[in-house]
Structures are given as C-alpha cells and as structure tokens.
Amino acid sequence: MRISGDKIAKYVFLAIACSAIASLLLIALFILLEGLPFILRYGPWKFLSTSDWRPHEGAFGIAPMIISSLWITAGAMLIGAPLGVAGAVFLSEFVPKSVMCIIKPTIELLAGIPSVVYGFIGVMVLAPLIRTNLGGPGLSLLAAAVILGIMVLPTIISISVDAIGAVPNAFREGALALGATRWQAVRMVVLKAARSGIIASIILAMGRAVGETMAVIMVAGNTIRTPHSALEPVRTLTANIAIEMSAATGMHRQALFATGVVLFVVIMILNSLAMAAMRRKGGR
Amino acid sequence: MRVPPKYTQMAAITLLGGATLLTLAVLVFIIAFVLEKGLPGVTWTFLSAEPQDMGRAGGIFPIIVGTLLLPLLALVIALPLGVGSAVYLCEYTRETRLTRVIRFGTDCLAGIPSIIFGLFGLVFFVGILHLGWSLLSGGLTLAIMILPTIIRTSEEALRAVPYAYREVSCSMGATRWETVRRVVLPNALPGIVTGVMLGLGRCISETAAVIFTAGTVAAMPTSAFDSVRTMAVHFYLLAREGISNEKAYGTAAVLILAVLLVNLAAYWMMHAFIRRRAR
C-alpha cells in the first residue's frame, strides 16, 4: 500500500511540474487566438510595413511603432551593454572579493526598483535636462533609451559576473605566468572564455528593453510617427497596447492583440537566442 | 610606437572603475531622489486615510491593503505549484526529455514581458472565465508571472540539501514522499522562502499586468471578485495623469521602501541559508 501511495505522489508532482509549460502554452494560445486571425485578414505585410495607425478609419500599420521599439532598444543597449559589462569585469577581476560581495547584491537589489519609478525619474529629471540642453520636447526616444539603458544594468551585471566567475582560475594563472598583465589576461583570456555568458546577458537585457511598458509610456512621449531624430517623441509597440487597450473594441482590440503577437514572437526569438548562448557555455 | 602594457592596464582599470562608479551612482541617486522628495509626505494620516478627490488629497490605506492582498493571493497559488514542480524535478526524476521541456518552458515564461501577461489575463481570466477586473484575476495572472522565480529558487534550495540526508532517511525505511516531506523540504525551507520574497517583490512592483487584470478601483475590496489598486498602479495613475506630484512622491517612497525591504529580507535569508549549508 505504501508503495502505491508513493506512486500517486510522483504523478501528482509530475502534473504540478507541467504547470509552467502549460501556462506558457495557454498564454501563446490565447494571444495567438485573439491576434492571428486579424493579422491574416488584414495582411501580415500591410500590418507590419505600413505606417498609418488610425484605428477609427480601419488603418492599422504598426511600422512606426516597430521602428521606435527597435531604436529605443538599440539605444538602451548602446548605453547599458558597455556600462554593464565594464562594471561586471571591474567587479569580478579588479576588486577584492569582500567588496564585490557587498556591491553585487546591492546592484541586484536595485533590479527590484519598480519600472514606474524609473519612468517617473525620467519625467522629472532626465526629460527637463534633455529639453534645456539639447532641445526638443524632452520626452523622447533619447530619454526612453537612457532610462531603459539604466534599467537593464542590473540584469547585465548580475549575469555577466556569474559568467566571468565561472571561468576557471587556471586560465588567469596561465596567462599571468606567461607574463601578461592583469588587464591583458582579462582581455585576451577571461573575456574570451566568458563570451557566451556575457552575450546571453545582453540578449536577455534586450528582451527586457523590448518588453518594458510603463517606464516607456512615461518618458517616450507616445506620438505615433517614424522618428527622424533621437529628440522626437515616439510610441513603442508595448506603449501602444497599454495606452489604447482600455478604450478599444472590435477590430481595434484585435489589432492591439496582433501587436501583442508581434511582441511575443520577438521576445521568444530573443529568449531562445539567449538560452542557446547559455547552453554553449554549459556544453564546454 | 607601442604603448607599454602597464599603461594600457592603468587606462583600462580607470575606465572600468569609472563605469562601475557611474552605474552605482545612478542607481543610488534614483532611490535617494525618490525618498528625499517623498518621505516628508509620508505621515500616519497618509498611511491610514482613504484617498479623496482621485488621490489629490487623503491617504493610501485601501491601496496598501490592495498591495498586500494581491501578491498574497498570487503567492498562495504560485507557491504549491512552484515548490511541487521543483520537488518533481529534483527528487522524482533524472534528466530526461520531459525535464528539459519543463525547464525550457520555465525559462521562456521567465522572459515574457509583463504586458503579455496582462493581455493574457485580460482575455482568459477577466474575459473567458468571467472573473472580471478583480483580485482573483490579478492574483492568478501574477501567480503565473512569478512561477518561474519560485521554481528556480526552490530547485536550488532542494539541491543544496546534502544527498546523505535522503540516503539516511530511505535506509530507515521511509518512502520517497516521506523523505521529501519530513527531511528535504524542512531543510530547504529558508531557500524556498527566499524565492517567495523575490516573487513578492516582483508582484509589488508590477504595474502593466495589474492594471489589465485587477483594475484600478481605489476602494477597500470586500470579496475576491472586487477590483483593487496596488501602490505601483496608484503611483502610475497619479504621476501620469498629473493628479498630484506630492502624493505621487509619497506613494513612490512607500513603494520603494516596501520593495527594498522585501528584497533585502530575501538576500539576508539566502545568505543565512548558504552559510548554514557551508558548515
């Protein structure tokens, strides 16, 4: 009898263990169910490449939003990736372990700051700075990129530090024994060995930047148009969904879910890339 | 002419150190800025009064209650699922194709942005299951959102329990389930609590998914089918609609303090757990 009870426990746990994958499938299913019919009816190419978004007149082109999302993400990476990787390298190679043991948790603690707070700081501090020094309305592509660049720093630093920490000490010792300076050892040996983990951290950060909503709504200005300079206000895919969802019905609502489908696909591609990069590190 | 390696090293260290300092300075500035502007407005009346005039006056008491109830509900749902998943992955099976699929699903779920969770909750819980904009819809949506965090930290906690404990328990005639319940889980508890705290932190700071599923009604909920407003949502509405900067700063200060405390508790517990294991 006892053995059969143990069997039952095993199957119960198996069923529970499938809850995450079941949730993922449910999410994919319902987002696709709501959005895909619209995309097919409206025409995928027309949906993705035209730049007219006038929901009340039946024009649903999301090209300006896609371009804005891409530029903001690229800008955020331009700021976040060098700063984050530099921070990770400095903390793991040039700082005593005791200091690193304080600073790394502090940075991870800061990852918990709500995104609305980052957005608010963007509005109150960064936007006026941009407005007075560079011109434009302040709430702009540039402001969103800077705020997102700061927001992804904890992600990049935390994962990169782990990747650099996983490089065997013998690699460093070998390089130093050959007469390399510490920096040469880091640049030529450690960074090469930790490369895939660092790349994974940057891709994951990209996913966060593409998917971020509230902070972007607050600082990006939200005008629907294709940006020609970094100082113009823009609207991203995520912002478009969050701003218009509450008032949307019918076709308009379906078009917003279709925007969600585009976002979902982009994020899944980025996630898969990051996981592939991590696995390569694990495989060796 | 080649620059001697000694100088490139000095330049590199200066540059890297500068970048690190800049990062820390920016992050510390954000917290200091919000606390400095917001803390003066955080009085006992602010914490204990109802909001009036859309939040222009009064306090945030029902919003604090919402901020407590919603994550609590999410945890009640996510904790058994997350710990159960981790128990299956660690105790009941080896690495198989199925566990790889489960891990892949968990990792994917962790990377999905909150707006997508919001859309899903809006269609499925609010719409198809007819739960409306409610505590229940929001709790279920947030539960799915924090599930990967709980699974991962619980798995780490279970793996940190020495293998010998299980062997001893089994050699005394305990079944696998008895071993899990009496030996493994109690020893892994502090690690699991860490995951709970991290999940709680994420729920408290979430905005997009909460607006779409739990609504924005700033009143005391009387049942699980009532809409609630969390501090993050309240702050967002006050700041974005320009209703009241003073109250927005006050809410932000309480919000940041809550999140920092929860995360700090998580790290403290993880540290205590690791130190105990190391002995």
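Select A:Ser140 first. This residue is buried, with a relative accessible area of 0% (buried is under 20%, exposed over 50%, partly exposed in between; 1.4 Å probe, protein chains only). A:Ser140 sits in the loop between α6 (115-134) and α7 (141-151) of chain A; helices are DSSP runs of H or I with at least four residues, numbered from the N terminus.

The model is predicted: local features need pLDDT of at least 70, side-chain atom pairs count only at pLDDT 80 or more, and totals for chains, interfaces and linings use all residues. Residues are numbered from 1 along each chain as its sequence is written, chains are lettered from A in the order in which they are written, and side-chain values use heavy atoms, without hydrogens or water.

Now show what surrounds A:Ser140. Leaving aside residues up to four places away in sequence, A:Ser140 touches A:Ile130, A:Val219, A:Ala220, A:Ala230, A:Leu231, A:Glu232 and A:Pro233 (contact: heavy atoms within 4.5 Å).

Next, go to A:Leu29, in helix α2 (residues 19-42) of chain A. A:Leu29 counts as partly exposed because its relative accessibility is 42%.

Then color both chains. Contacts join 76 residues of chain B to 67 residues of chain A. About 6600 Å² is buried between these chains, 83% of it from carbon and sulfur atoms (buried area is the accessible area, 1.4 Å probe, that two parts lose on being put together, summed over both). Select helix α1 (residues 5-38) of chain B: with 19 residues, this helix gives the most to the side of chain B that touches chain A.

How values were computed: Helices (H or I, at least four residues) and strands (E, at least two) are DSSP runs, numbered from the N terminus.
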